[in-house]
Amino acid sequence: MARKFLSGFYAVPGTYRETNAMSLPVNLPDATPVELLREFVGARSGEAFAELVRRYAGLVTGTAARVTGNRETAEDVAQEVFALLARKAPAVEPANLGGWLHRVAVRRAVAARRRSEARARRDLAAFMNTE
């Protein structure tokens, strides 16, 4: 597997990013999820994060859709999950990324479903009180 230093991310000589840089495969789809997460954490690489989203969007959206029963809500949950990953990436164990994403997707989807059900109950109660 050929590796190439991503010099575009480390343009300033002597910086933390240059001295602690990872060497990723030339083609990001060849990088492992562990490599991508470490690159995102270390260099805040948008390309590495975008590749993680591309790889795991189906897992996160599918999990959320099964829990919520609504594709639009599932997409909102997926957006929440990836925003949370962007914020908490340094705390995520790279080897457990898939499990972390699944667990967070389930928890966020359950919360979204509860909010939706509560909203439906309030709307029904309001409708019943107007008659």
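**Notebook: salt bridges in a predicted model**

I began in helix 5, where Arg113 and Glu117 both lie, four residues apart, about one turn of the helix; helices here are DSSP runs (H or I, at least four residues), numbered from the N terminus. The model is predicted, so I kept to its rules: local features need pLDDT of at least 70, side-chain atom pairs count only at pLDDT 80 or more, and totals for chains, interfaces and linings use all residues. Residues are numbered from 1 along each chain as its sequence is written, and side-chain values use heavy atoms, with hydrogens and water left out.

I looked up the contact between Arg113 and Glu117 and found a salt bridge of 3.9 Å, N to O (a side-chain nitrogen of Lys or Arg within 4 Å of a carboxyl oxygen of Asp or Glu). Arg113, at 32% relative accessible area, is partly exposed (buried is under 20%, exposed over 50%, partly exposed in between, with a 1.4 Å probe and protein chains only). Glu117 is partly exposed as well, at 39%.

I next examined Arg108 and Glu80, whose side chains form a salt bridge of 3.1 Å, N to O. Arg108 belongs to helix 5 (residues 97-130) and Glu80 to helix 4 (residues 71-88), so this pair ties together parts that are 28 residues apart in sequence.

I then turned to helix 3 (residues 46-68), which holds Arg55 and Glu51, four residues apart. Their side chains meet in a salt bridge of 3.1 Å, N to O. Is Glu51 buried or exposed? Glu51 counts as buried, because its relative accessibility is 8%. Arg55, at 25%, counts as partly exposed. I also noted that Glu51, Arg54 and Arg55 are linked in a network of salt bridges.

Finally, I searched the whole structure and recorded six salt bridges.

Notes
Helix = DSSP H or I, 4+ residues; strand = E, 2+ residues; numbered from the N terminus.
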